[in-house]
Amino acid sequence: DCIRTEWRLARRLFARNDFHEGVRAFEIDKDGAPKWDPLPSRDEISSLFRPMGETELLPLELTQKHLQVGHQKISKGEIRV
């Protein structure tokens, strides 16, 4: 159950703009000035924990945008922590 909950949260939070904005502000542009989305409502927070549908269980589809760190392109399979 814990692994399922972690997967739900990771999958759904990654899809929110705040994750990408945080990476942009602190890793890419390094301006330290993220433009966060408004705080989520209680219903939005609850929805993060609901069971996943079939489309959410598919592997993440990463685009070229996701494969770039700053202006340096990384290859598939390479992991940066």
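1. The side chains of arginine 24 and glutamate 21 meet in a salt bridge, at 2.7 Å from N to O. The term salt bridge stands here for a side-chain nitrogen of Lys or Arg within 4 Å of a carboxyl oxygen of Asp or Glu. The model is predicted: local features need pLDDT of at least 70, side-chain atom pairs count only at pLDDT 80 or more, and totals for chains, interfaces and linings use all residues. Residues are numbered from 1 along each chain as its sequence is written, and side-chain values use heavy atoms, with hydrogens and water left out.

2. Where do arginine 24 and glutamate 21 lie? Both are in helix 2, three residues apart, about one turn of the helix. Helices (H or I, at least four residues) and strands (E, at least two) are DSSP runs, numbered from the N terminus. An α-helix has 3.6 residues a turn, so residues three or four places apart point the same way.

3. Are arginine 24 and glutamate 21 buried or exposed? Both are buried. Buried means under 20% relative accessible area, exposed means over 50%, and partly exposed is in between (1.4 Å probe, protein chains only). Arginine 24 counts as buried because its relative accessible area is 18%.

4. Aspartate 29 forms a salt bridge with arginine 24, and the closest N and O atoms are 2.9 Å apart. Aspartate 31 also bridges to arginine 24, with the closest N and O atoms 2.9 Å apart. Aspartate 29 is at 46% relative accessibility, so it counts as partly exposed. Aspartate 31 is at 40%, so it too counts as partly exposed.

5. Which residues make up the network? Glu21, Arg24, Asp29 and Asp31 are linked by salt bridges. The structure holds four salt bridges. Side chains of opposite charge can pair when their charged atoms come close.

6. Now the rest of helix 2. Its buried residues are Asp18, Glu21, Gly22, Arg24 and Ala25. Seen down the axis of helix 2, they fall within an arc of 160 degrees, so they line one face of the helix. The arc is that of the directions from the helix axis to the C-beta atoms. Lysine 30 follows helix 2, and its phi is positive, near 55 degrees.

7. Glycine 22 sits in helix 2. Its relative accessibility is 13%, so glycine 22 counts as buried. What does glycine 22 touch, not counting residues up to four places away in sequence? The contacts are Glu27 and Trp36. Contact means heavy atoms within 4.5 Å. Glycine 22 and tryptophan 36 are 14 residues apart in sequence, and their C-alpha atoms are 8.0 Å apart in space.

8. Phenylalanine 19 is placed in helix 2, which covers residues 17-28. The structure holds one aromatic pair. The rings of phenylalanine 14 and phenylalanine 19 have their centres 4.9 Å apart and their planes at 55 degrees, so the pair is tilted. Rings of Phe, Tyr and Trp (its six-membered ring) pair if their centres lie within 6.5 Å; planes under 30 degrees apart count as stacked, over 60 as edge-to-face and the rest as tilted. Phenylalanine 14 is at 23% relative accessibility, so it counts as partly exposed. Phenylalanine 19 is partly exposed, with a relative accessible area of 40%.

9. Phe19 also belongs to a surface patch. With Val23 and Ile28, Phe19 makes a nonpolar patch of about 220 Å². Patches are made of residues with over 30% relative accessible area and no salt bridge: like charges are joined within 9 Å, nonpolar side chains (Val, Leu, Ile, Met, Phe, Trp, Tyr) within 5 Å. Accessible areas come from the Shrake-Rupley method with a 1.4 Å probe; for residues, only the protein chains shown count as cover.

10. Arginine 4 is in helix 1, residues 2-15. Arginine 4 is exposed, with a relative accessible area of 53%. Arginine 4 and phenylalanine 49 are 45 residues apart in sequence and 9.5 Å apart in space, C-alpha to C-alpha.

11. Last, the chain as a whole. The secondary structure comes to three helices and two strands, in the order α-α-α-β-β along the sequence. Of the 81 residues, 19% count as buried. The chain exposes about 6,900 Å², and carbon and sulfur atoms supply 59% of it. Among contacts between residues at least 6 apart in sequence, 49% join residues at least 24 apart.
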